[in-house]
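Please look over the sequence and the model shown here, and then follow the paragraphs below, which go from one part of the structure to the next.

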Amino acid sequence: MQKLLLEIPASILGLTVVGGAVALTIAGLLVVRRFAHHSRLRLHHDVADPILGVMGAVYSVLIAFVVVTVWISLDKSSASVHLEANYLADLYRDSEGLSPDFRKKVNPLLREYREAVINYEWKAMQKGEMSPEVEKIMNRIWALYVTYAPRNTTEQVFFEESIRKLNSFRELRRTRLMDSRNGINPLLWLILIGGALTTVSFTFLFGAESLKAQLIMGILLSATIGLILFAIMAMDFPFTGSISVSAEPFQRIILD
């Protein structure tokens with residue numbers, strides 16, 4: 001799924017999903033009508049109607065749950081990126097409470113980290129990967145803090161606060177990298193697609209006297225389900241595709 005989002009433009013992918021759903025609906029309904037007259041199908045309406053109602057309710061609850069889940073995941077990833085960028089700015093600012101020699105070493109690394117995240121890691125995360133360049137810079141930053149020895153009480157306070165923020169900063173990066181490669185379980189996708197096919201196919205058992213009217217209703221139903229499935233697909237990976245978290249929080253922070 002992530003590869004599809006990466007290689008196929010969102011507009012084409014959306015048209016393919018919705019168009020495919022509509023095409024299957026038209027073909028399926030025409031095939032059913034070819035072998036069963038609408039008068040025969042109407043004989044089973046009293047049984048098919050409540051069953052379709054239950055199926056539709058179950059599927060609507062499932063698909064709504066998945067939409068909310070992927071939306072919350074996307075929003076959570078965005079909030080984590082903002083917090084990570086804020087911690088980077090805090091580390092840069094808090095270095096003023098440490099020795100000048102330390103600032104001369106760590107501040108260029110923090111600026112380098114920001115540029116590497118924007119230029120390298122964001123592109124890598126679209127594929128669910130991490131940037132080796134960013135990892136090396138992070139290790140160098142960590143090594144500087146590990147070997148630093150505060151000289152007085154003021155530096156001790158700033159150093160302890162910086163270590164706390166640095167640990168949170170690293171955890172947020174790990175979370176960001178994990179989010180970039182974690183999508184919906186394939187089994188759940190199978191259930192979503194299977195549920196869509198079953199729900200739409202069940203409407204073929206209804207025999208409206210006007211084939212044109214039933215075609216329109218079936219097309220509207222399948223197009224709606226297709227749009228929702230495409231929305232889930234587009235939001236599935238927070239850092240891949242047209243609907244994704246950008247590097248704007250890192251671009252906005254000023255490290256001068």
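Predicted model: local features only at pLDDT ≥ 70, side-chain atom pairs only at ≥ 80, totals over all residues.

Helices here are DSSP runs of H or I with at least four residues, numbered from the N terminus. With a relative accessible area of 43%, Ile-193 is partly exposed, and together with Leu-24 and Leu-197 it forms a nonpolar patch on the surface, the three having about 290 Å² of accessible area together.

Helix H5, made up of the 26 residues 100-125, reaches 35 Å from its first C-alpha to its last, which is close to the 38 Å expected at 1.5 Å a residue. At Val-117, H5 bends by about 45 degrees. Ser-99 belongs to the loop between helix H4 (45-94) and H5. Because its relative accessibility is 8%, and buried means under 20%, Ser-99 counts as buried. Leaving aside residues up to four places away in sequence, Ser-99 touches Tyr-148, Arg-151 and Glu-155, whereas the C-alpha atoms of Ser-99 and Lys-76, 23 residues apart along the chain, are separated by 36 Å.

The charged side chains come next. Side chains of opposite charge can pair when their charged atoms come close, and the structure holds 14 salt bridges. One of them joins Arg-173 to Glu-121, with the closest N and O atoms 2.8 Å apart. Since Arg-173 lies in helix H7 (residues 153-181) and Glu-121 in helix H5, this pair ties together parts that are 52 residues apart in sequence. Arg-173 and Glu-121 are both buried.

An α-helix has 3.6 residues a turn, so residues three or four places apart point the same way. Arg-164 counts as partly exposed at 41% relative accessibility, and Glu-161 is also partly exposed, with a relative accessible area of 32%.

In helix H10 (residues 248-252), Arg-252 and Glu-248 lie four residues apart, about one turn of the helix, and their side chains meet in a salt bridge of 2.6 Å, N to O. Arg-252 counts as exposed at 65% relative accessibility, while Glu-248, with a relative accessible area of 34%, is partly exposed. Elsewhere, salt bridges that share partners join Asp-90, Arg-93, Asp-94, Glu-161, Arg-164 and Lys-165 into one network.

Technical notes
Residues numbered from 1 in each chain as written. Heavy atoms only, no water. Patch = residues over 30% accessible without salt bridge, like charges linked within 9 Å, V, L, I, M, F, W, Y side chains within 5 Å. Areas by Shrake-Rupley, 256 points an atom, 1.4 Å probe, with all protein chains shown as cover. Salt bridge = Lys/Arg side-chain N within 4 Å of Asp/Glu carboxyl O. Buried < 20%, exposed > 50% of the residue type's maximum accessible area, 1.4 Å probe, protein only. Helix = DSSP H or I, 4+ residues; strand = E, 2+ residues; numbered from the N terminus. Expected span 1.5 Å × (residues − 1). Bend = angle between axes of the 7 residues up to and from the residue. Contact = heavy atoms within 4.5 Å.
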